[in-house]
Amino acid sequence: MRNFKNLIKFTWKRFSIWIILVTVFCTMVVGISSQNSIRNDYDNFSNNVLSMREDLYGKNDNEELKINGESLDQIEIELLKYKEKYKLLDFDDVYSLDVSGKAQDDYFERLSKNGGYDAHYIYNSIKTYFQNFDEGKFDGSRYFQDLIFPIVIFMGLFGLSLTSLEQSSAIYDFTRLMPWKKKDELLMKIGIVFLFGMVIFAINAIVLAFILKASAFGQILSFLLMGGQIFRNVLIFLGTSIISTSLGFIAGNFLGHMGLFIMTLAGFELYRENINMTLQVFSTNMADKFYSAMASFEEKLNPFTKTLMSIVYIDVDDIRTILAFILVAAIIFFLALYLSKNQTSERSGYMIVNKKVSVFCKLLATLTLANLMTSLIYSVFVETTFLVMIIFVLALLLSYKFFDMLFKIRLKF
C-alpha cells in the first residue's frame with residue numbers, strides 16, 4: 001500500500017498540470033454538450049406533443065409543456081387517440097423484415113390520402129422519447145453513456161503515458177530503480193489509471209446530475225434508474241484501465257502501443273478482413289464464399305461471444321458485452337504479466353518488448369498494410385487478376401521492408 005501511495009505521489013507530480021487541464025476541459029465540454037442535448041430533447045418532445053394536440057383538438061395554445069407524472073399520463077392517452085385516428089403503426093411494425101415493400105408503400109399511401117403522413121413520424125417520435133420514462137420517472141442513463149467516450153480516450157492516453165511512452169523517455173532508467181517488482185508496478189499503474197479516470201467521471205457525473213435536476217425533466221428525474229448505467233460505466237473504465245496499461249507493458253514505445261490498441265480493438269475482425277482481402281487477390285469467388293460463410297457464422301453468435309471476438313461490438317447498454325470486454329482485458333493482463341517477468345531494459349524503446357510477440361505483430365502489420373495498398377490500387381487502377389497478384393507481391397515486399405525497419409528502431413527521447 002505504501003508503494004502505491006508513493007507511485008501516486010510521483011505520478012501526480014509528473015502529470016498534475018495535464019490532469020487538471022484535461023479534467024477542466026472535459027467537464028466544460030461535457031457540461032455544455034449535455035445541457036444542449038437535454039434542451040434539444042425537451043424541445044423536440046414538446047414540439048411533437050404540441051403538434052399532436054393541435055391535430056387532435058384543432059388548436060395550439062403554445063404553452064410550455066410541463067413534464068410530470070400527470071402530464072405524461074395525459075400524453076399517453078392522447079397518443080392512443082392519435083394512433084386510432086390515423087390507424088398508425090410503430091416503426092418496428094412498418095420496417096420489420098417480415099413486412100413486404102408493397103405493404104409499406106400501401107401504408108404510406110393511405111396516410112398520404114387521409115393526411116396522416118406527418119402523424120406517423122410525430123407519433124413514433126413521441127413513442128421513442130417515452131422509452132426514457134419508466135412508471136412516470138425519467139431515466140437519464142443515455143446522458144451518462146455520453147461520458148464514456150471522452151473518459152475512455154483520456155484513460156487510454158494516460159495509460160500510454162505511464163507505460164510505453166515512459167519506456168522511450170530518460171525517466172525510465174530512474175523508474176527501474178523503484179523498490180517494487182514488475183508485477184506490482186503493472187497492478188499499481190492499472191490502479192492509478194482507473195483511479196484518475198474515476199475521479200474525472202465522478203466530477204462530470206455530479207455536474208451532469210445537477211444539469212438534469214435543473215432541466216425540464218428534473219421533477220420526475222430518478223437517480224435509481226440511472227444506477228445501472230453508472231455501474232456499467234465503471235466496469236468499462238475498469239476494463240479500459242487494464243487494457244491500456246497492460247498493452248503498455250507489452251509495447252516498448254508509443255507506436256507499438258497504438259498498434260496493439262488497434263489489434264485489440266479489431267480482434268477477430270482484423271484477421272477476417274486480412275484473409276478476405278488476401279483471397280480476393282487470387283480468387284474473387286473464394287473470397288465471396290469465405291465472406292458469406294463468416295457472415296453466416298457471426299449472425300449465430302450471441303452478444304457475449306461476438307464481443308469476445310472483437311470488442312468493437314461492445315454495447316454500453318448490454319452487461320453481457322461489457323463482461324466480455326472485461327474478460328478480454330483479463331486475458332491481456334495475464335499476457336502482460338507473463339511477458340513482463342523476463343523483460344529487460346535493453347528492449348525498451350522498441351515497438352514490442354518481447355521478441356516472439358514482436359515477430360507476430362510485424363507479420364500481421366505487414367499483411368494488413370499490403371492488403372490495404374493492394375485494395376486501394378485495385379479499386380482505382382487495376383482490372384486484371386494477374387496484375388493484382390503482382391501488385392500484392394510487391395506491396396507485401398514493400399510493407400515487410402517498412403515494418404522490418406520500424407521494428408528495429410529504438411525510440412528514445
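# Reading helices, core and loops in a predicted model

Me: In this predicted model, how many residues does helix 4 have, and how far does helix 4 reach from its first C-alpha to its last?

Reply: Helix 4, residues 101–114, has 14 residues and reaches 20 Å from its first C-alpha to its last, which is close to the 20 Å expected at 1.5 Å a residue.

Me: Which residues of helix 4 are buried, and where do they lie around the axis?

Reply: The general idea is that an α-helix has 3.6 residues a turn, so residues three or four places apart point the same way. In helix 4 the buried residues are Q104, Y107, F108 and L111. They cover an arc of only 85° around the axis, and therefore they sit on the same side of helix 4. The face turned away from that buried side carries the exposed residues K102, D105 and K113, while the cover over the buried residues of helix 4 includes helix 2 (69–86), helix 3 (91–94) and helix 5 (117–129). Just after helix 4, G115 takes a positive phi of about 80°.

Me: How should I read helix 7 in turn, and which of its residues are buried?

Reply: Helix 7, residues 148–162, has 15 residues and reaches 21 Å between its first and last C-alpha, close to the 21 Å expected at 1.5 Å a residue. Its buried residues are I148, I151, F154, M155, G156, F158, G159, L160, S161 and L162. What covers them includes helix 1 (2–57), helix 6 (141–145), helix 8 (164–167), helix 10, helix 11 (223–250) and helix 12 (254–266).

Me: Which residues touch the most other members of the largest nonpolar core?

Reply: The largest nonpolar core has 88 residues, of which F45, I126, F133, F158 and L212 touch the most other members. The largest share of this core, 12 residues, comes from helix 10 (residues 182–213). Leaving out residues up to four places away in sequence, F45 touches L65, I67, L72, I75, I126, Y129, F130 and F133.

Me: How many disulfides does the structure hold?

Reply: In general, a disulfide is a covalent bond between the sulfur atoms of two cysteines. The structure holds zero disulfides. As for individual cysteines, C26 counts as buried because its relative accessibility is 9%, and C361 counts as buried at 6%.

Me: Is K362 buried or exposed, and what does K362 touch?

Reply: K362 is found in helix 17 (residues 355–380), and because its relative accessibility is 15%, under the 20% cut-off, K362 counts as buried. Not counting residues up to four places away in sequence, K362 touches Y400, F403, D404 and F407, and a polar contact of 3.1 Å joins the side chains of K362 and D404.

Me: Is the loop residue S310 buried or exposed?

Reply: S310 lies in the loop between helix 15 (303–309) and helix 16 (319–340), and S310 counts as buried because its relative accessibility is 2%. Leaving aside neighbours within four places in sequence, S310 is in contact with L265, A266, G267, F268 and E269.

Conventions
Residues are numbered from 1 along each chain as its sequence is written. This is a predicted model: local features need pLDDT of at least 70, side-chain atom pairs count only at pLDDT 80 or more; totals for chains, interfaces and linings use all residues. Side-chain values use heavy atoms; hydrogens and water are left out. Helices (H or I, at least four residues) and strands (E, at least two) are DSSP runs, numbered from the N terminus. Buried means under 20% relative accessible area, exposed over 50%, partly exposed in between (1.4 Å probe, protein chains only). Contact means heavy atoms within 4.5 Å. A nonpolar core is a set of buried Ala, Val, Leu, Ile, Met, Phe, Trp, Tyr and Cys residues joined through side-chain atoms within 4.5 Å. A disulfide is a pair of cysteine sulfur atoms within 2.5 Å. A polar contact is a pair of N or O atoms within 3.5 Å; within protein, one must be able to donate a hydrogen and the other to accept it, and residues adjacent in sequence count only if both atoms are side-chain atoms. The expected span of a helix is 1.5 Å times one less than its number of residues. The arc is that of the directions from the helix axis to the C-beta atoms.
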